[in-house]
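Good morning, and thank you for the time.

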Amino acid sequence: MRWQFAALLGAVFATLGCQGANPPPPPPPPPPADSGVVTARQPDGWDQGVALHSPDDLDAKPDVVELNLTARLSHQVFLPGIATQVWSYNGQVPGPLIRARVGDEVVVHLSNALMQDTLIHWHGVRVPNAMDGTPMVQDPVQPDAGFTYRFRVNDPGLYWYHPHTHSSGQVGFGLYGALLVTDPTEPPLGDDLVLVLSDIGIQKDGGLDPADSDGWFGSYFGREGAQLLVNGRIMPTLVARVGVPQRWRIVNAARSRYMKFRLPSADVFRIGGDRGLIERPLSLTAVELAPGQRVELWVKPKAVITPAATVKWEDSNRFHIAVERESEPMFLWKVVAAEPGQPEASLPAELRPIEALPDAGAKPRIVDFGEGSKAGVGVLTIDGKTTEENQPYLATEGDTEHWTVKNSTPYDHPFHLHGYFFQVKDVDGVARPFPEWSDTVNLPAKKSVRFLVRYEDRPGMWMFHCHILDHADLGMMAMLHVHPKH
Ligand code: C2O
Ligand code: CU
């Protein structure tokens, strides 16, 4: 796989207009005919150890991506020589990587071959309310039944899909996948790699841990599988070449586990988040993702690493306990030498402008993520009530709101809002360097997060919840009813 180098990059980048909102910018001028630009190559087979499978497009129209997703039991080999029965989309964990271009229509025919009802939620995608895949907007799809999801993707970025009923169990057993929306007008930043991070609990005999599907204790703490997965593999090898950049788009699809790692001997910049590119690259030492979040990285290796180095998962200490947990091996990272005459790759200083939502006229809303007990059993709450007890929170289409989300518990919780992106103003008083679109943000223990959100259109019954899916099951989930404006 080849990509055009810096000379071309400057020219293409200059054509980037404001992409903060619809409609998408006009197409760029065609690239110059073969101008003798020097290219640099990734090592042969660099992504073969991790590449995700993408299904064939069933629709010949260039702007429609159509596919079947069958939720079914299948067997996958994670531990050498042992097959594990997982819950999968099309027999794969993670499910297929759905690739679309900005403006495309995505059509997904879900068939349920499980023994339990299911649904598909399109995390982060601004779908029409009826396509949001929650029990609020559709009847769960029963075994042997199906449902067709149909929506347009207008925001370049990495998104993901997962069930929104029995979600802790179904995601934990393997039902999740990534949806990549690319924008052909973006400058070529590096060779693309999508990484779906997760974990799974496999026992010695190869079976999934039955304790993973129920039990109060596991729910309260949030279940973490013993095995870390990168694109469904245990300890795969990622390969790169000194000086040749890669663009990593990463989603944390684990039901409870926070993901944190450091990449040795490389320049690493954060170039994107939940909704594609951010304004400017930010240099990173550690990459950290709460469940549900995405990050885009620009990775340029600086030195040869052979044999490969072990990159480890590190504890984010979401429980705020005195002793951090041991690091765990996550993937191997191998870097080969530069080629003779290879050009120097660089990253543009500006990626895309993002307009700040105005504070003026924003209506305040305060919600409190907490814990309590019902009949002697611990529950997790929003404003003191569990999901069943809470009435829908009411909002109006077209309004801008200023949310303060408090975390009254001594543990972190990843907050997620359906349907709309928000702009975080500050986390515990620490302001963000520039406006950025998010749909998931970590709420640190005993702290609060403030953000602005505009319900630009698409009224309906949306949800917000903790993305530790066990916590959502224990009550930390509520509805946001956005009424049409009159
Ligand atoms: Cu990732 Cu309510 O979902
Ligand atoms: Cu939580």
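Predicted model: local features only at pLDDT ≥ 70, side-chain atom pairs only at ≥ 80, totals over all residues.

Let me begin with a term: a residue counts as buried if its relative accessible area is under 20%.

For the model, the count of aromatic pairs comes to 22. One of them joins Trp122 and Tyr161: the ring centres are 5.4 Å apart and the planes stand at 40°, so this pair is tilted. Trp122 lies in strand β7, residues 121-123, and Tyr161 in strand β9, residues 157-162. The pair thus connects distant parts of the chain, at a separation of 39 residues. Trp122 and Tyr161 are both buried.

Aromatic rings also meet charged groups here. Arg257 is placed over the face of Trp313, 4.7 Å from the ring centre. Arg458 is placed likewise over the face of Tyr420, at 5.0 Å from the ring centre.

I turn now to the metal site. Which protein atoms are the donors of the copper ion, ligand 2? They are ND1 of His413, SG of Cys466 and ND1 of His471, at 1.9 to 2.1 Å from the ion. Along the chain, the donors follow the spacing H-x52-C-x4-H. Of these residues, Cys466 and His471 are buried.

Finally, the sheet. Three strands form an open sheet in the order β13-β21-β20, and the pairing is mixed. β13, residues 237-241, and β20, residues 305-313, stand at the edges; each has a single partner strand, so one side of each is left without a neighbour in the sheet. Neighbouring strands are turned by 30° against each other on average, with direction ignored.

In which sense do β13 and β21 pair? β13 and β21, the latter covering residues 328-336, pair in the parallel sense over 5 bridges. Within this pairing, Thr237 stands opposite Leu332 of β21.

That concludes the presentation, and I welcome your questions.

Note on methods. Residues numbered from 1 in each chain as written. Chains lettered and ligands numbered in written order. Heavy atoms only, no water. Pairing = 2+ DSSP bridges. Helix = DSSP H or I, 4+ residues; strand = E, 2+ residues; numbered from the N terminus. Axes fitted to C-alpha atoms, helices over the stretch in contact; angles between N-to-C directions. Phe/Tyr/Trp six-rings, centres within 6.5 Å; stacked < 30°, edge-to-face > 60°. Buried < 20%, exposed > 50% of the residue type's maximum accessible area, 1.4 Å probe, protein only. Lys NZ or Arg CZ within 6 Å of the ring centre and 35° of its normal. Donors = N, O, S within 2.8 Å, 3.2 Å for Na, K, Ca; no water.
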